[in-house]
Amino acid sequence: MESHDGWGVSMASRWELMTGVQDGVSRWELMTGGQDGVSQWELITGCQDGVSRCNLMTGVQDGVSRWDLMTGGQDGVSRWELMTGVQDGVSRGEFSPPPFSRWRRPSRDGGSPEPVTCRRTGGESRHVPARSRDWEWAVPRGEAAPRPRPRPRCPGLGQRPGTALLGSRGGARPPGPVGIVPHNVGSERRAGAGAHPPPAPGAVLRCLRPSPAVQSRGSRSHRSRGLALLRHSRCLPPVPAARGFALPAGSRCSAMPSNKSVSDAPIVQFTNCRILREHRLQREDLWVREGKILNPEKLFFDEKGSADVQLDCKDSIIAPGFIDVQINGGFGVDFSLATDDFKSGIDLVSQKILSHGVTSFCPTLVTSPPSVYHQVLPQISVRNGGAHGAGVLGAHLEGPFISKEKKGAHPEHCLRTFEAGAFQDLLATYGSLDCVQIVTLAPEMRRSSEVIRELTKRGICVSLGHSVANLSQAEEAVQHGATFITHLFNAMLPFHHRDPGIVGLLTSDKIPAGRRVFYGMISDGIHTNPAALRIAHRAHPKGLVLVTDAIAGMGLAPGRHTLGQQVVEIDGLNTYIAGTKTLSGSVATMDTCVRHFQEATGCSVETALEAASLHPAQLLGLEHKKGTLDYDSDADFLMLNDSLYVQATYIAGEEVWRQDASGM
């Protein structure tokens, strides 16, 4: 019986009328077309039997993802393994021809040489010569082809008769990308066999026309193979010809030439090491070629290259080479003395400091007469390091434009002030600035701002030191371009709570945006108390630069030596101006300073190493090539043990010093 309300409408409620609910079916179901429990979402996406549209779009079928299909992953083998040739845990670099085989064998009929198949025998592996990275994988006449491991094939993707898949675990495995080689290479081709010529060595194969069988969804075995995505006559993306891939019958293929290495120079891989990179020790390999740090990703994927030599570092730390921006001499050589054989003295010091881990340095001259600068500076030239010794980055001129009150070990009679035409006065004193990298001066001196600006314009680092400047004067100097403090705490006003002086720059809020102030620290246990060292480091850790301030007596027995115009006396680790208690440089080595710094501050190994490498490089604007192990930087680095003792020194990727086996 149908009842009506006053409007003559059936008993269905207004809500039901608005929503369209009828017989228990909601408007939502009506709108979505829900039928038999299947929603419109399922209808739109094509989700059927638990398979979503996402599965259909990505080609996930029977547990095989689109990634597997795109990369050719089969039987647990990824594209990475296919490209690099990694098989059974053996890397591509370990495969090479046995001693009895050749790259090419002379033909028996006097024609062009025939390529031979390389086989791995007796479990022996060798490094592939740099010139022979690309192999030819054809079989000479009269020789049986290697037997491939049987693999299931996709319907419609069948191998044509006489095609072997090299690189299978049961067959021969060349060291490069694995390719498809017809058995009939080197023999008469059978008429009508449709045989294709072999791809070029290391070629990348591109499918230009898939077979009709590929254009439709096939059986389960078909869906689980690498070419199941070719449902809409789309071509394969370029991938290396790899084991497990057979080209569709009747397909046309284009051999894409491989990206050969950009250089024939040998590639060295340092393994089993911890690399200081991005401010932390990372367990990874270091790759070097032609004196530069190499990016292995580009090597593998862009160049299809591999290592020619592998060196086991025995769990050593690999860190950038140390850079000493303040070293007055060593081993009997004083850089502030004008001698006829000055260059030989530079060579001696640069050779000796390799054992300390120093790969670059700034020869430092203390306050001297103009005649000394005129004679010495022309003999200092910027040069790269190598087997001859550490590289020279340029001279550090400490004085003579410094304060008499804080002259330290500098001779007072040689000190100078800026007169009218201050910068010209400086040029007249030094003679030339061609090889100058750093100039230390006192910022409180009249006309110093003009000099700082002119030096900065020429790319010369200005350092504040041997000074009685207050904080305001120091900040003004920084605003004009100064970026360094010479041996913090030494030869400057002591820290005072009402005027901290130059020391206050470590926490000043008047430093121009985007600029960092660096400061040198002589971490020899003599010049700076460990507590003061900790205060400076905690106040401004990213600006700390370790320096030795070493004098001619470094590396020699205690006794009397020179420091420019002064006579100094070494007493243990202390160096004084003879007859006084005025400190005059140091005899500490850079590796000693690094170890003492870490012990005194309790900082991390990474922090201690960067204070002697990355920070000085940043100070001089060389961080893009020195003081780092980033890709494309100079391969100047050290091997150290966990106690930070230097085991070996490398410059431009070449070993230039190694500790004797008895000392390892």
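1. Which residues does Ser584 touch, leaving aside those up to four places away in sequence? In this predicted model, Ser584 touches Ala409, Ile551, Leu563, Val568, Thr575, Tyr576 and Ile577. Its place in the chain is the loop between β26 (574-577) and α15 (590-601). With a relative accessible area of 0%, Ser584 is buried.

2. Another loop serine to look at is Ser508, between β21 (484-485) and β22 (518-522). Ser508 has 16% relative accessibility and therefore counts as buried, the cut-off being under 20%. Its side chain reaches the backbone nitrogen of Lys510 at 3.0 Å. Ser508 and Leu471 are 37 residues apart along the chain, and 8.6 Å separates their C-alpha atoms.

3. Next, helix α9 (residues 342-352). Phe342, Gly345, Ile346, Val349 and Ser350 are buried there. These residues lie on the same side of α9, because the arc they cover around the axis is only 130°. In an α-helix there are 3.6 residues a turn, so residues three or four places apart point the same way. The partners that the buried residues of α9 pack against include β13 (322-327), β16 (358-366) and α10 (370-376).

4. Finally, a word on confidence. The protein chain has a mean pLDDT of 75, with 60% of its residues at 70 or more. Over residues 112-261 the pLDDT is below 50, although the model has 312 contacts for this stretch beyond near neighbours in sequence. Residues 1-11 also stay under 50, with seven contacts beyond four places in sequence.

Notes
Residues numbered from 1 in each chain as written. Predicted model: local features only at pLDDT ≥ 70, side-chain atom pairs only at ≥ 80, totals over all residues. Heavy atoms only, no water. Helix = DSSP H or I, 4+ residues; strand = E, 2+ residues; numbered from the N terminus. Buried < 20%, exposed > 50% of the residue type's maximum accessible area, 1.4 Å probe, protein only. Contact = heavy atoms within 4.5 Å. Arc of directions from axis to C-beta. pLDDT = per-residue confidence, 0-100. Polar contact = N/O pair within 3.5 Å; in protein donor to acceptor, adjacent residues only side chain to side chain.
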